[in-house]
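Here is a short briefing on one protein chain. Keep the sequence and the model open while you read.

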Amino acid sequence: MTTTRANATSEGRIADNIVYFARALRKAGLRVGPASVKDAIEAVLAAGIGSRDDFYWTLHSVLVSRREDHATFDEAFRLFWKSRELVEKLLAMFSPVAPDHREREKLRAAESRVSRALFAGHENSQPLSQVPEIEIDARLTFSGNEVLRAKDFAQMSAEELSAARRAISELRLPFDRGATRRYRPAPRGSRIDPRATMRAASRTGGSLILPKFRSPREVHPPLVVLADISGSMSQYTRIFLHFLHALGEKRRRVHAFVFGTRLTNITRQMRNRDPDQALADCSAAVKDWSGGTRIGEALSDFNRLWSRRVLGQGAMVLLITDGLEREDIGGLSAEMERIHKSCRRLIWLNPLLRFDGFEPRARGVRAMLPHVDEFRPVHNLEALADLVASLDRRSSADVDPRRWMELASRRSA
């Protein structure tokens with residue numbers, strides 16, 4: 001049985017639809033320019049339209065140039081090239097309707113971003129009579145951004161979490177660099193490069209010898225993240241992984257590990273350029289998400305299997321956990337001490353610090369505190385912004401763990 005292939009002509013609406021489709025892809029984050037749109041139209045006119053799969057791969061071969069853009073293109077194609085009745089149902093979702101309390105399906109990778117790109121202007125096209133006008137006296141109120149920055153991640157709605165993820169991606173990341181033993185050419189300095197000087201002199205036959213200089217090469221130090229994904233930490237870790245994904249796009253050596261009842265390396269999954277797909281890959285790779293926690297056993301596995309591979313050249317370690325160890329804490333202090341001695345800086349991020357009356361009474365917290373350089377909260381955007389600002393400078397007295405240890409000693413006495 002042979003399938004008939006319909007010839008696409010420039011007189012129809014297919015070219016206009018491809019232009020609209022490319023515009024939606026550009027809003028969703030794909031690098032689609034006018035030349036790519038022109039090539040896509042010509043490819044469809046030359047190949048024709050035989051089936052939905054043929055049309056899909058014809059556009060895919062032209063408009064997708066990076067592997068990480070495949071999920072976004074797939075979701076955009078699924079939403080844009082649906083039948084007319086289904087598109088009208090999607091548009092009706094943006095109109096005022098009775099609330100639907102049914103349990104919704106889990107969003108696919110890039111679905112929310114593509115939906116915003118496709119229907120961004122639909123709300124603005126509604127008649128003015130459908131949009132109620134509300135006047136608010138805002139002289140004694142705070143802006144929504146200020147409220148969002150101070151709001152706890154665990155208390156945010158789905159829309160607020162989405163706005164928080166966008167704010168995290170826009171954080172100004174630190175420019176911390178450390179000197180290495182390798183050198184690079186420099187226009188001036190106090191250290192002369194003899195080899196470069198002799199090479200430059202040989203070009204003129206030795207008649208002119210001008211000194212060449214070199215300086216130590218500076219690189220970002222490795223950043224290692226150990227994140228707790230137990231039930232009490234799941235919400236905070238998911239938000240922090242968005243911050244880690246944005247950090248990984250700006251610097252090379254970023255290693256990510258998560259632990260609950262076991263240790264899982266998610267560095268490879270976090271390298272995907274699409275943040276939604278990266279989080280989806282992490283969820284698929286981790287088997288103990290939102291379960292129990294064994295901090296000491298997870299840190300022991302990290303020291304035994306990974307510490308020598310990733311803790312080098314002045315690495316910094318970010319430990320994200322509440323410190324509520326349910327197992328024996330006999331080896332927890334020793335494992336923390338080993339990590340502290342293997343890295344340049346160990347920062348503990350604990351969401352329990354959001355409480356004003358927090359005291360280090362738990363056995364796990366008291367066993368871990370003597371072996372950290374900083375003790376910080378991680379429950380809202382302000383805490384993440386303070387962390388970003390502190391990565392390229394010395395820590396302040398507010399995050400010194402010694403004051404918490406003194407408080408614990410006074411309470412025990």
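A residue counts as buried when its relative accessible area is under 20%, and as exposed when that area is over 50%. The model is predicted. C282 has a relative accessible area of 0%, so this cysteine is buried.

**Cysteines**

- C343 is buried too, at 11% relative accessibility.
- A disulfide is a covalent bond that joins the sulfur atoms of two cysteines.
- The cut-off used is 2.5 Å between the two sulfur atoms. By that rule, the count of disulfides is zero.

- Strand β6, residues 316-320, pairs with β7 in the parallel sense. Five bridges connect these two strands.
- Across that pairing, L319 stands opposite W348 of β7.
- From β6 the chain passes through helix α15, residues 332-342, and on to β7. This β-α-β crossover is right-handed.
- Strand β8, residues 374-376, runs parallel to β7, with three bridges between them.
- Here L349 stands opposite R376 of β8.
- A right-handed β-α-β unit is made by β7, helix α16 (residues 363-368) and β8.

**Helix α15**

- Which residues of α15 are buried? They are L332, E335, M336 and I339.

**Aromatic pairs**

- How many aromatic pairs does the structure hold? The count is 17.
- One of them joins F21 and F80. The ring centres lie 5.3 Å apart and the planes meet at 45°, so this pair is tilted.
- F21 belongs to helix α1 (residues 14-27) and F80 to helix α4 (residues 70-80), so the pair ties together parts that are 59 residues apart in sequence.
- F21 is buried, at a relative accessible area of 0%. F80 counts as partly exposed, at 21%.
- F80 also pairs with W81, and this pair is edge-to-face. The distance is 4.9 Å centre to centre, with 70° between the planes.
- W81 counts as buried, at 15% relative accessibility.
- Ring pairs link F21, F80 and W81 into a cluster that also includes F55, Y56, W57, F73 and F77.

**A loop residue with positive phi**

- Q313 is not a glycine, yet its phi is positive, at about 60°.
- Where is Q313 found? Q313 is in the loop between α14 (307-310) and β6.
- Is Q313 buried or exposed? At 61% relative accessibility, Q313 counts as exposed.

Conventions
Residues are numbered from 1 along each chain as its sequence is written. This is a predicted model: local features need pLDDT of at least 70, side-chain atom pairs count only at pLDDT 80 or more; totals for chains, interfaces and linings use all residues. Side-chain values use heavy atoms; hydrogens and water are left out. Buried means under 20% relative accessible area, exposed over 50%, partly exposed in between (1.4 Å probe, protein chains only). Two strands pair if DSSP finds at least two bridges between them. Helices (H or I, at least four residues) and strands (E, at least two) are DSSP runs, numbered from the N terminus. A crossover is right-handed if, with the strands pointing away from the viewer, the path from the first strand over the helix to the second runs clockwise. Rings of Phe, Tyr and Trp (its six-membered ring) pair if their centres lie within 6.5 Å; planes under 30 degrees apart count as stacked, over 60 as edge-to-face and the rest as tilted.
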